[in-house]
Amino acid sequence: MASILNVDKIRRTSGTVDALVVDSGDRVSLPKNPAVYAHDYSGTDGTRTMGTGSTAALTYDNIITNDGSHWNNTVGEFTCPVAGRYFVSAHFGRRADSTTWFGGLIEHNTSKVQQAWEPPANPADTNFTYLNIQLTCIVDAAVNDTIAPAYFTSYSDPAEVAFENAFTVMYIG
């Protein structure tokens, strides 16, 4: 026997905020899902204590989305408000110095989750600062775990150029 449940909104019994909304176009939104999207490396490293040696967290000039205010742009980290899985993406599109290596990474708490490297441009005297580093992962996190984008400070810094370096975290369940 098939059953159909017709709803427009779901909220907990004592709640006043919609947890799930189905609009007239059958799109589902989760208004209370924690998420951040930021771009444009600010040129200032976050104050986060990194766990992977000579690395620094990134901070950004443009915080486009910060649902729940879980991104701390002074520290350079996202604090997970609920336990579960988080989609994480860090894009490194430009470095400040084309004559040296660049290394970008994602950290969960103080452990490296993922990293990638770009060697110096060849020939090294060119102004080839462009990168194509895209790090993407899913992190299983507990309440108050942290997630951060970072770079290795012994090599080139990210460039302070519009739209070239970005970071995203989304709670997926």
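A salt bridge, as the term is used here, is a side-chain nitrogen of Lys or Arg within 4 Å of a carboxyl oxygen of Asp or Glu. Keep that in mind for the views below, and remember that this is a predicted model.

**View 1. R48 and E107 meet in a salt bridge.** The closest N and O atoms of E107 and R48 are 3.2 Å apart. This pair brings together distant parts of the chain: E107 belongs to strand 9 (residues 102-108), while R48 lies in the loop between strand 4 and strand 5, and 59 residues separate the two.

View 2. R48 has a relative accessible area of 7%, so it counts as buried. E77 comes out at 15%, and it is buried too.

**View 3. R94 and E164 pair up.** How far apart are the closest N and O atoms of E164 and R94? They are 4.0 Å apart, and the two residues form a salt bridge. E164 is in the loop between strand 12 (146-152) and strand 13 (165-171), whereas R94 is in strand 8 (residues 84-94); the pair links distant parts of the chain, 70 residues apart. Both residues, E164 and R94, are buried.

**View 4. Stepping back to the network.** Salt bridges with shared partners tie R48, E77 and E107 into one network. A search through the whole structure turns up four salt bridges.

**View 5. Negative charges gather on the surface.** Which residues make up this patch of negative charge? They are D61, D97, D157 and E160. To get your bearings, look for D61 in strand 5.

View 6. Strand 2 (residues 20-22) pairs with strand 3 over two bridges, in the antiparallel sense. In general, the strands of a sheet pair through backbone hydrogen bonds, either parallel or antiparallel.

How values were computed:
Residues numbered from 1 in each chain as written. Predicted model: local features only at pLDDT ≥ 70, side-chain atom pairs only at ≥ 80, totals over all residues. Heavy atoms only, no water. Buried < 20%, exposed > 50% of the residue type's maximum accessible area, 1.4 Å probe, protein only. Helix = DSSP H or I, 4+ residues; strand = E, 2+ residues; numbered from the N terminus. Patch = residues over 30% accessible without salt bridge, like charges linked within 9 Å, V, L, I, M, F, W, Y side chains within 5 Å. Areas by Shrake-Rupley, 256 points an atom, 1.4 Å probe, with all protein chains shown as cover. Lys, Arg positive; Asp, Glu negative; His and termini not counted. Charge placed at Lys NZ, Arg CZ, Asp CG, Glu CD. Pairing = 2+ DSSP bridges.
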